[in-house]
Amino acid sequence: MNWQALNDTGQLEKIKTSSNNPDFLGILIFKHSTRCATSAMVLDRLERGWSYSDSQLPAYFLDLLRFPSISDEIASVFGVQHESPQVLLIKDGICVYTDSHTAISVKRLTDSIQSDNK
C-alpha cells in the first residue's frame, strides 16, 4: 500500500476530480491519529489486507494531529461527520462509503467498492 500524504486542503479538489477517472475504483482517504491505539490497529489491518494497486485505488493518508484543519475541510467537502480513525471512499466526486473506528475493514471496503462498481 503506497500512501500519498494528505497535507494540504488543495489536494481535496484533486481527489474529487481524480475520482471521476473511470480507471479508478475510487480514491481512499484514511484519517489517522498517531496517538490512538485503535487507529494504529486499524492502519495495520488495512495495510496487511490491502490487495488493490495504486493505479486501481489511490490511497491518501491524513495525520490528524499534524493537519486537523484538513479533517474539518474533508467533513465539509464530502458531507461527513469527523471521526477518528476514519476511512472515506470517494467516487465521482462524492463520498460513497465511510466507516470509523473498529468497523473499518478491508472486507467492508471491498464490499462497498464491488457494489459501487457494478
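User: Over how many bridges do strand 1 and strand 3 pair in the parallel sense?
Analyst: Strands here are DSSP runs of E with at least two residues, and helices are runs of H or I with at least four, both numbered from the N terminus. Two strands count as paired if DSSP finds at least two bridges between them. Q4 stands opposite Y60 in strand 3, and the parallel pairing of strand 1 with strand 3 runs over 3 bridges.

User: What kind of model is this?
Analyst: Residues are numbered from 1 along each chain as its sequence is written, and side-chain values use heavy atoms, with hydrogens and water left out. Local features need pLDDT of at least 70, side-chain atom pairs count only at pLDDT 80 or more, and totals for chains, interfaces and linings use all residues, since this is a predicted model.

User: How many residues of strand 2 are buried?
Analyst: A residue is called buried under 20% relative accessible area, exposed over 50%, and partly exposed in between, with a 1.4 Å probe and protein chains only. In a regular strand the side chains alternate between the two faces of the sheet. I27, I29 and K31 point one way from strand 2, whereas L28, F30 and H32 point the other way. Both sets are buried, and the count for strand 2 (residues 27–32) is 6 of its 6 residues.

User: Which residue of strand 3 stands opposite H32?
Analyst: Strand 2 pairs with strand 3 (residues 59–63) in the parallel sense over 5 bridges, and H32 is part of strand 2. H32 counts as buried because its relative accessible area is 6%. Apart from neighbours within four places in sequence, H32 is in contact (heavy atoms within 4.5 Å) with residues including S39, A40 and L43. The residue opposite H32 in strand 3 is D63.

User: Which hand does the β-α-β unit of strand 2, helix 2 and strand 3 have?
Analyst: The unit is made by strand 2, helix 2 (residues 37–49) and strand 3. A crossover takes its hand from the path that leads from the first strand over the helix to the second, seen with the strands pointing away from the viewer, and a clockwise path is right-handed. The hand of this unit is right-handed.

User: Which residue of strand 4 stands opposite F30?
Analyst: Strands of a sheet pair through backbone hydrogen bonds, either parallel or antiparallel. Strand 2 and strand 4 take the antiparallel sense, over 5 bridges. In this pairing, F30 faces V87.

User: What value does phi of D92 take in the hairpin of strand 4 and strand 5?
Analyst: Strand 4 (residues 86–91) and strand 5 (residues 94–100) run antiparallel and are joined by 6 bridges, with K91 opposite I94. The hairpin has 2 residues between its strands, and D92, in the loop there, is partly exposed because its relative accessible area is 48%. Phi of D92 is positive, although the residue is not a glycine, and lies near 55°.

User: Is the peptide bond from S84 to P85 cis or trans?
Analyst: P85 sits in the loop between helix 3 and strand 4. Omega for the bond from S84 to P85 is near -10°, and the bond is cis.
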